[in-house]
Structure formats: C-alpha cells, structure tokens
Amino acid sequence: MKDIITLGIESSCDETSVAVVRNGREVLSNVINTQIAIHTQFGGVVPEIASRKHIENISDVTKEALKQANITFSDVDVIACTYGPGLVGALLVGVSYAKALSYAINKPLVGTNHIKGHIAANYITNLKLEPPFICLIISGGHTHLVHIKDYQNFEILGKTRDDAIGEAFDKVARVIGLGYPGGPKVDKLAKEGIANITLPKTRFENLDFSFSGIKTAVINLHHKDPNINKADLCASFEKTVTEELLDNTIEAAKKLNITKIALAGGVSANSYIRKSFDKLTEQGYEVYYPELKLCTDNAAMIAGAGYYEFINGKTSDLSLNAVPNLKLE
Ligand code: KG4
Ligand code: ZN
C-alpha cells in the first residue's frame, strides 16, 4: 500500500504546532512553538494573545516542519487540523490556515478532534497498541475515561463533573506560589514531600470524576496556614487524585473485561501518576503512555488521529469551522 503523509496542524490553546507523520504512526517532524513564557506573566493562557501568537508563528512553524521532514507540500497527501475543542480564536487560526493551504495545494482536509489526537499519541509511541483498550485522557481541559472500541468508535465511560484534573494541578500550583503551568512544578515539588495530609476524594455511583473539592480543600489549608509544608501538600494532592483515577480506571477495566489501559494528555506526563499506574502491570494489566513530548499538545498526535479519519473516508470541506466545545462521541 502507498504511504500516506499527513501534515498535522494544532493551535487549540497555547502551542502552535505542525507535524509530518507517515501512515499515522511514524513521526517525520513535530515542531512545537510554545507560548508558555508569554502566558506565564499573566498566570494562565490569555486567549487573545494566544490567537495573535498563532498568527505570527504558524507559517514559519509549517515551513520548519516540512524542512525537518525533508519534504515539500507536493509530498503531502492530507492536511489534518484541530477544529475543537479549545479556544475559539486560537482554533480559528489553525483551521483557517489549514483550509487556505488545502485550497492552495489542492490536498484533502480533515478536521480533527483534539481529544482524539491525545488518544492517537499512544499509537505513535506504542506501535503495537491496537483497540480495544481503555484510555484515560487527563489534560488541562479534559478528564475522560473512554472505551476505545476501534480507531473510530469511542464510548465515554466517565468524565469530570467540574474541573479538569490539569486545571486543579494548575490552580493548586498558583495558590501555593509555584507559578504556571503548575502541573510539572507540583510533580517536582511532590517528590520532596510526604503524602501525610488527608484530602477529600470523590466517588460517584458511575465512573465520573470531580476535582473541585480537593482543589478547594488544598487552597483552604494553605490560606489557613501559609507556612504549611508545600511539598507535603503537593504529595498529598497527587496521591489523592491518583487514587481517584486508579479507582475508576480499574472499575471500568473490570466491568468491560479489558486489560489494556492507556493514559493520554498533559497530566499523563506526571511521574507519580505513571509510577502508580505502572504497578497495575503486577495485576496483569498492560499499561501504555505516550512519550513525554507527545503527552502535551503537539501536531503529531493530530496528524495521527487525522490519518485514521482519512483512511476511514472522512474529509472536511472548506466550510469547516472551529467548534470550541466539540464532543468526543
Ligand atoms: O494536554 P495539554 O497540553 O493541554 C490540554 O489539552 O489541556 O495539558 C496541559 C496540562 C496543564 O494543566 C499542565 O499543568 C499539565 O497538563 N501537566 C502536568 C504535567 N505536565 C503537564 N500535570 C501534572 N504533572 C506533569 N508532569
Ligand atoms: Zn490537549
């Protein structure tokens, strides 16, 4: 079969990224221009600034992705761009650019769901991974437990009822003065602490999650005692949220009689979460993660997800629009 080269474009939040991926799983280039340094001054992503920076960067990032992959536009078979979920202004930059490019170079376009991209990051790192499996998507915007029935068929088993887990990490970090983005900073500091503080853990009858309670509890503890040991607080926070993730994931796996579990999204880069899920292998589970660079937002994962849509006959026309609250199912 002829190789299919996908040009992936991602601009849903604060990363402008363009990638070239062969047959959905082999990364030829994955250029990521992150705006973290700019948004850090404001303690979080400023949507208007994000859009402007995407506009400034997208063309150069695309050229660099082609150069690193050693190809030209004529080698591209399909363009995959994130059209949701995400910040509307940020998404529109990638979508408009992808549409213009598709028209100019006369190549098909596939609008791609960002969450499906996070899932597809696992296919790139774990070449043997095939559906069915359970995927726990934990990022700054999402917390979803999903049954991946096949490459195109997903069922949401549970999701957060309030904050995404990454939001909780970022908020905790901000309140205790660690800065933005908080996840990696909490990860680092927690290693120096002991999980000796009891925090509330949520458990619903179904497989939903909730992180606003624990977030508020951490904030209140810090306000009551600003000298509280921050490392212990981070370690306790990580331990409690990880237990919630594990409880629901194991319950889902047992219910569906599935032993393959994959994690995805920015928070799946967390070292304590990985160490804890790794222990599931002792109980007979197979556990998969994307490599660290593919956990957070990047265009290789979008090219990967777009490829599976494309080979299943899905393409988009030039009426494609950004859908900020795009759903997975
Ligand atoms: O997947 P992502 O890049 O963007 C969204 O689609 O939301 O995820 C970003 C989130 C942020 O909340 C960030 O703090 C978190 O992932 N994150 C981490 C770690 N690295 C990134 N959270 C915990 N531990 C980490 N090592
Ligand atoms: Zn993301």
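Start at the interface of domain 1 and domain 2, where the rule finds 4 residue pairs in polar contact, both residues at pLDDT 80 or more. A polar contact here is a pair of N or O atoms within 3.5 Å; within protein, one must be able to donate a hydrogen and the other to accept it, and residues adjacent in sequence count only if both atoms are side-chain atoms. Salt bridges across this interface number 0. A salt bridge is a side-chain nitrogen of Lys or Arg within 4 Å of a carboxyl oxygen of Asp or Glu.

Stay on the domain 1 side. Select α1 (36-40), α4 (114-125) and α11 (299-311), the elements that each give two or more residues to the side touching domain 2. Helices (H or I, at least four residues) and strands (E, at least two) are DSSP runs, numbered from the N terminus. α4 gives the most to this side, with 4 residues. Colour the side by class: 7 residues are nonpolar, 6 polar and 4 charged. Ala, Val, Leu, Ile, Met, Phe, Trp, Tyr, Cys and Pro count as nonpolar, Asp, Glu, Lys and Arg as charged, and the others, Gly among them, as polar.

A word on the model. It is predicted: local features need pLDDT of at least 70, side-chain atom pairs count only at pLDDT 80 or more, and totals for chains, interfaces and linings use all residues. Residues are numbered from 1 along each chain as its sequence is written, chains are lettered from A and ligands numbered from 1 in written order, and side-chain values use heavy atoms, leaving out hydrogens and water.

Now zoom out. Select 5-119 + 295-311 for domain 1 and 131-290 for domain 2; the bounds come from an automatic or database domain assignment. Their C-alpha centres lie 27 Å apart. In contact (heavy atoms within 4.5 Å) are 17 residues of domain 1 and 20 residues of domain 2. The area buried between the domains is about 1,500 Å², with 72% from carbon and sulfur atoms. Buried area is the accessible area (1.4 Å probe) that two parts lose on being put together, summed over both.

Next, select ligand 1. It is surrounded by 19 residues, the closest being His-118, Gly-140, Gly-141, Asp-170 and Asp-187; the cut-off is a heavy atom within 4 Å.

- Ser-139: a side-chain N or O atom is 3.3 Å from an oxygen atom of ligand 1.
- Asn-270: a side-chain N or O atom is 3.1 Å from a nitrogen atom of ligand 1.
- Asp-297: a backbone N or O atom is 3.0 Å from an oxygen atom of ligand 1.

Then pick Asp-77 and Lys-2. Their side chains form a salt bridge (3.1 Å, N to O). Asp-77 is in the loop between α2 (47-69) and β4 (78-84) and Lys-2 in the segment before β1 (5-10), so the pair ties together parts 75 residues apart in sequence.

Last, check the backbone. Most residues other than glycine have a negative phi, and most peptide bonds are trans. Asn-70, in the loop between α2 and β4, has a positive phi of about 60 degrees. A cis peptide bond joins Gly-84 and Pro-85, with omega about -15 degrees. Another cis bond joins Pro-131 and Pro-132, with omega about 0 degrees. Pro-132 sits in the loop between α4 and β6 (133-138).
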